[in-house]
Amino acid sequence: MQSDAVVLDVDGVLVDVADSYRRAVVDTVARIHGETISRSTLQAFKDAGGFNNDWELTDALALYVLARSEGFDRCVEGFTDRIAASGGGFSGARSVVDDEMDAAARERIYAALDREQLREVFQQLYLGSDKYREIEGSEPTLSEAGYIHDETVLVDRSTLETLLANFEVGVLTGRPAAEADIAMDRVGLDIPADHRFTMDDWDAGKPDPDALVTLAERFDADTVTFAGDTLDDVRTAVNAADTDSDRTYHGIGVLTGGLTSESGREKFEQAGADAVVESVNDLPELLEGGENRAGSQGA
């Protein structure tokens, strides 16, 4: 597979977030609403689309818990299927509740859904008290070490060195910029600011293609490969190809996030993936023979 530029997702590709972000989603809802939902349930929400932002994923999970307390009788899969049919994301989840629940139940559900409280608890659990104070600029109300310290590195140093030596390399992530910095420092990836997009750089989020197309333009690349661990990552590449007919975009599914094994591979392929790899460390072999376009980047 030929490519001029490689763009990498962070979560589930460069670092494992099963015990950090995903744990924070589940534990936040459990602390505030008293119901623990398995982490595996989160993948159904991710697959529905529009949940690149884990704060919104937390809100949607809380909305589901509150709706069930008011008599909503659909299982998780039924709920997330309806979310997907309603356009995905938290707005899709809200549409399902609006369609399924009567006015009195809706009023009680939305009165109990405190999205700001959910975000504050999530950030304190994820960042820990010290980093929360530093990054959020507020005094924490919880005493936490921070799940962020439980993130393990998935990418080998040799993989980064090979990619940086042979391709323009960018990053496209739903993390806030400060949290992206932490992850990139952990894996040892140092790239120019204009070669990455974070939550702070573009409002739409994946699968909106604008950030990926902008990176392709900045690289002056004819062919761009984007590797990510969710269906929305692959959909971003598909949407970029539809938007920008002057370039070729390859979407690569990586099986080190929530999608794994043969079922994950099938879902990626159905979403339009050009290839599916077991790990980001398989990228150099997949892209073997790519033109050397690297500039001044370094790991």
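T41, A44, F45 and A48 of α2 meet V76, F79, T80, I83 and A84 of α4, where contact means heavy atoms within 4.5 Å. This contact holds seven nonpolar, two polar and no charged residues. The model is predicted: local features need pLDDT of at least 70, side-chain atom pairs count only at pLDDT 80 or more, and totals for chains, interfaces and linings use all residues. Residues are numbered from 1 along each chain as its sequence is written, and side-chain values use heavy atoms, with hydrogens and water left out.

The axes of α2 and α4 (residues 76-85) come within 8 Å and cross at roughly 15°. The two helices are therefore roughly parallel, a term for angles under 35 degrees. Axes are lines fitted to C-alpha atoms over the stretch in contact, with angles from 0 to 180 degrees between N-to-C directions.

Helix α2 (residues 41-48) also packs against α3 (residues 54-69), at an angle of about 115° and with the axes 11 Å apart. That makes α2 roughly perpendicular to α3 (65 to 115 degrees). L42, F45 and K46 of α2 make the contact with D54, L57, A60, L61 and Y64 of α3.

Notes: Helices (H or I, at least four residues) and strands (E, at least two) are DSSP runs, numbered from the N terminus. Angles under 35 degrees count as roughly parallel, over 145 as roughly antiparallel, 65 to 115 as roughly perpendicular and the rest as oblique. Ala, Val, Leu, Ile, Met, Phe, Trp, Tyr, Cys and Pro count as nonpolar, Asp, Glu, Lys and Arg as charged, and the others, Gly among them, as polar.
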